[in-house]
Amino acid sequence: AGVATMGDAPNFRVVAPAILLICFIGIMNAYFFSLIGRICDKTGATSYRQAWELTVGEETGQWVASVVAAKTLLSCLAFSIIVADSFQSLAIAAGLENLTRS
């Protein structure tokens, strides 16, 4: 998948938009993380949940903590799948097919 579909020599017309998109997403993430930090600083909160409870309301604080925990769990799962798939492809390329069988 992914990089393998580009062939031997990646085309700049394909790579340039991808690099720009990654940079844009990184800038947006940095901005939103800084907003969370500023909110925590202004409210005196020490966690995302506490900042939420101080600005929105305590009744939804547990919901926010659960969503953040679930998102973290699913991100770790996705990362594990990507790493396992990458190592399987590398093992096959190295001639170690026996390692890829379950």
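## Contact of helix 2 with helix 3

In this predicted model, helix 2 meets helix 3 through Y48, R49, W52 and E53 on the one side and G61, Q62, V64, A65 and V68 on the other. By class, the residues of this contact comprise 5 nonpolar, 2 polar and 2 charged.

As for the geometry, helix 2 spans residues 48–55 and helix 3 spans residues 61–93, and the two pack at an angle of about 145° with their axes 9 Å apart. The crossing of this pair is right-handed.

## Salt bridge within helix 2

The structure holds 1 salt bridge, and it joins the side chains of R49 and E53, with a distance of 3.0 Å from N to O. Both R49 and E53 also belong to the residues with which helix 2 meets helix 3.

Because E53 and R49 lie 4 residues apart in helix 2, about one helical turn separates them. In general, side chains of opposite charge can pair when their charged atoms come close.

## Contact of helix 1 with helix 2

Helix 1, which covers residues 12–43, crosses helix 2 at roughly 65°, and the axes of the two come within 10 Å. This crossing is left-handed. Helix 1 contributes I36, I39, C40 and T43 to the contact, while helix 2 contributes Y48, A51, L54 and T55. Sorted by class, the contact of helix 1 with helix 2 has 6 nonpolar and 2 polar residues, and no charged ones.

Y48 takes part in this contact with helix 1, and Y48 is also among the residues of helix 2 that meet helix 3.

## The largest pocket

The largest pocket holds about 330 Å³ of space. Its lining is made up of 13 residues, and those nearest its centre are F33, I36, Y48, V68 and K71.

Technical notes
Residues are numbered from 1 along each chain as its sequence is written. This is a predicted model: local features need pLDDT of at least 70, side-chain atom pairs count only at pLDDT 80 or more; totals for chains, interfaces and linings use all residues. Side-chain values use heavy atoms; hydrogens and water are left out. Axes are lines fitted to C-alpha atoms, for helices over the stretch in contact, and angles run from 0 to 180 degrees between N-to-C directions. A crossing is left-handed if the near helix is turned anticlockwise from the far one by less than a right angle, and right-handed if clockwise. Contact means heavy atoms within 4.5 Å. Ala, Val, Leu, Ile, Met, Phe, Trp, Tyr, Cys and Pro count as nonpolar, Asp, Glu, Lys and Arg as charged, and the others, Gly among them, as polar. On a 1 Å grid over the protein atoms alone, a cavity is a set of points where a 1.4 Å probe fits but cannot get out, and a pocket is an open set with protein on both sides within 12 Å along at least five of seven lines; lining residues have an atom within 4 Å of a point. Grid points are joined across faces, edges and corners, and a volume is the space filled by probe spheres set on the points. A salt bridge is a side-chain nitrogen of Lys or Arg within 4 Å of a carboxyl oxygen of Asp or Glu.
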